[in-house]
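Student: I am new to this structure. Can we go through the sheet strand by strand?

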Amino acid sequence: MEGVSVDNKHKIVVAVDESEESMHALSWCLSNLISHNSTTTLVLLYVKPPPIIYSSFDIAAHIFSADVIVAMEKYGTDLVNSVMKRAEAVFRNFNGNVNVEKVIGSGEAQDVICDTVEKLRPDTLVMGSHGYGFLKRAILGSVSEHCAKRVKCPVVIVKHPHDKTAPPSNSSLKHDDGF
């Protein structure tokens, strides 16, 4: 088409965590959303739980020594590194034109993800689904559902193939070309 410029640059944010579901979502994203004909920036977003803060009036502050707090912070850093290494293993063999950025946030996952998406303005947000049932989702809440309602870009929620709440995949259905 004349006069129309097609931008072959895309930005996709993939929320990753310790779960197999988030790694599956990353793999699905690489296989289904990234074109070999375009340049894609893939932002891996990991959200650490909010830091533990104690006031001088808090009894727990006196129970936890500085060593315990340092050990907990080290564990958090090790967890971030572990998740990012797992994510790197997923995209290492992908042959597309992908620039990978890593973003680490801290706080409530749903708020950090939504705020980061608002700042980065990606074309798409990709998240895995933990496949919680109704009761568990009602009690714990659904980060992906919250983000899907709040962010302005399209959201892809990828269900893990072993998710019991997911409908059967098309690959298990027989295909008949006859009339």
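Tutor: Eight bridges join β1 to β2, and the two run parallel. Strands (E, at least two residues) and helices (H or I, at least four) are DSSP runs, numbered from the N terminus. Two strands pair if DSSP finds at least two bridges between them. This is a predicted model: local features need pLDDT of at least 70, side-chain atom pairs count only at pLDDT 80 or more, and totals for chains, interfaces and linings use all residues. Residues are numbered from 1 along each chain as its sequence is written, and side-chain values use heavy atoms, without hydrogens and water.

Student: In β2, which residue is the bridge partner of valine 16?

Tutor: Strands β1 and β2 are parallel. The partner of valine 16 in β2 is tyrosine 46.

Student: Why is β2 largely enclosed by the rest of the structure?

Tutor: Buried means under 20% relative accessible area, exposed over 50%, partly exposed in between (1.4 Å probe, protein chains only). Strand β2 is largely enclosed because, of its ten residues, the buried ones number eight.

Student: Which strands stand at the edges of the sheet?

Tutor: The open sheet has five strands, paired in parallel, in the order β3-β2-β1-β4-β5. An edge strand has a single partner, so one side is left without a neighbour in the sheet; here the edges are β3 (98–106) and β5 (155–159).
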